[in-house]
Amino acid sequence: MLFLGIDTSNYTTSAAICDEDANILANVKVPLPVREGERGLRQSDAVFHHVKNLPLAAERLKEMLSASDERIAAVGCSVSPRDTEGSYMPCFLSGLASAEMISATHGINLYRVSHQRGHIMAALLSACRNSGENPEEMMKQNFIAFHVSGGTTDVLLCEPDQELVFKVTQIGGSRDINAGQAIDRTGVRMGLHFPCGAEMDKAALTYEGKLNSPKLSVSGTWCNLSGLENKSAELYQKKEDIAQTSAYTLDFIAKTLEKITKNAIEQYGSLPIIYAGGVMSSSYIRKTLSQYGMFADAQYSSDNAAGVAALASVIYRREKNNEQY
């Protein structure tokens, strides 16, 4: 049996297929176009582009799975940014409409999940398999997940749950702008293409000079990042050095997350730590944080539907076999 996952975030149309053991067989991502010099998309534009991209994503899945004769047993879809009351973005309605049609016409279950829980699941599967850990065992215990992207900079306590696979409670994060926002605003200011993370990561890795020690704003497991944007802007205006500014920006974020990680360990004990979200695909940042926790492959750190498909697989199996976690 196969399981389909659909995720329509603010910047990527994603669709994925996994098997009943949550092995990812296909992972399709179609980026939404952002005009040169702009730092994002309006929700109405995101919805429009998702509607155009979803048939394209379906065709790519069909090509990747043309030799398979297994049927789709259930579909999972991200329907909100987070697992919190009132969490809503119109862009997720695009994927939900498609998922509801597939569910109704095929007579299969539809599992609604959050974009954030999908991110964590994808990172958990990839990170565990890279490190030789058993993903099933990880789902049976408490762990801490960092979800760091353009839309979130959250520190999350994840606890086993029969229906949700794991429930997510925010225990920290940014009190103002997100790490990905600071990166993209700095990158666009330097003339880079939005989203700017990959270009800035590549540039930062080439910088061989010394960086001034950043003055971090961290209290427990919470931080403020708005000051970083101003400091990066001042540095670039003064030096006009893309590599140096990129390195300073990513170093600031890495050291902020490192301090939060240490504080989380002190507060919650030595729980397993998983770093998820697009910012966590940065090789520069991973150099600082790799000693503390596990990372996913880049394709499962950035926006994807693999985790959504995998959640559908696990929930379906538990319902069918009446399994207890």
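Visitor: So, Asp and Glu count as negative, while Lys and Arg count as positive. Which residues gather in a patch of negative charge on the surface here?

Guide: This is a predicted model, so keep that in mind throughout. The surface patch of negative charge brings together Glu20, Asp21, Asp69 and Glu70.

Visitor: Let's take Asp69. Where is it found?

Guide: Asp69 sits in a loop, the one between helix H1 (43-64) and strand E4 (72-80).

Visitor: And is Asp69 buried or exposed?

Guide: Exposed, because its relative accessible area is 74% and the cut-off for that word is over 50%.

Visitor: Okay, switching to strand E4. What about Cys77, buried or exposed?

Guide: Cys77 has its place in strand E4. It counts as buried because its relative accessible area is 0%, and buried means under 20%.

Visitor: What does Cys77 touch?

Guide: Skipping residues up to four places away in sequence, Cys77 touches Ile6, Gly95, Leu96, Ala99, Leu110, Tyr111, Arg112, Val113 and Val308.

Visitor: How far apart are Val308 and Ser78, in sequence and in space?

Guide: In sequence, 230 residues separate them, yet their C-alpha atoms are 6.8 Å apart in space.

Visitor: Which residues is Val308 in contact with?

Guide: Leaving out neighbours within four places in sequence, the list is Gly5, Ile6, Asp7, Gly76, Cys77, Ser78, Val113 and Gly118.

Visitor: How far is Cys77 from Leu228?

Guide: Those two are 151 residues apart along the chain, and 35 Å separates their C-alpha atoms.

Visitor: New topic: salt bridges. How many are there in the whole structure?

Guide: A search of the whole structure turns up nine salt bridges. The general idea is that side chains of opposite charge can pair when their charged atoms come close.

Visitor: What does Asp154 form a salt bridge with?

Guide: Its partner is Arg82, and the closest N and O atoms are 2.8 Å apart. The pair links distant parts of the chain, 72 residues apart: Asp154 is in strand E7 (residues 153-161), while Arg82 is in the loop between E4 and helix H2 (91-106).

Visitor: Are those two buried or exposed?

Guide: Asp154 is buried, at 3% relative accessibility, whereas Arg82 is partly exposed, at 24%.

Visitor: What about Lys255, which residue does it pair with?

Guide: Lys255 forms a salt bridge with Asp251, with 3.4 Å between the closest N and O atoms. Both are in helix H8 (residues 242-268), and because they are four residues apart, about one helical turn separates them. As for cover, Lys255 is partly exposed at 31%, but Asp251 is buried at 8%.

Visitor: Now the backbone. Which peptide bond is cis?

Guide: The one from Phe194 to Pro195 is cis, with omega near -10°. Pro195 is in the loop between helix H5 (179-189) and helix H6 (197-204).

Visitor: What is the phi of Ala22?

Guide: Near 65°, which is a positive value in a residue other than glycine. Ala22 is in the loop between strand E2 (12-19) and strand E3 (24-31).

Visitor: And what is the phi of Glu240?

Guide: Positive as well, about 50°, and Glu240 isn't a glycine. Its loop runs between helix H7 (226-239) and H8.

Visitor: So which is it for each, buried or exposed?

Guide: Ala22 is buried, at 3% relative accessibility, whereas Glu240 is exposed, with a relative accessible area of 62%.

Technical notes. Residues numbered from 1 in each chain as written. Predicted model: local features only at pLDDT ≥ 70, side-chain atom pairs only at ≥ 80, totals over all residues. Heavy atoms only, no water. Patch = residues over 30% accessible without salt bridge, like charges linked within 9 Å, V, L, I, M, F, W, Y side chains within 5 Å. Areas by Shrake-Rupley, 256 points an atom, 1.4 Å probe, with all protein chains shown as cover. Salt bridge = Lys/Arg side-chain N within 4 Å of Asp/Glu carboxyl O. Charge placed at Lys NZ, Arg CZ, Asp CG, Glu CD. Helix = DSSP H or I, 4+ residues; strand = E, 2+ residues; numbered from the N terminus. Buried < 20%, exposed > 50% of the residue type's maximum accessible area, 1.4 Å probe, protein only. Contact = heavy atoms within 4.5 Å.
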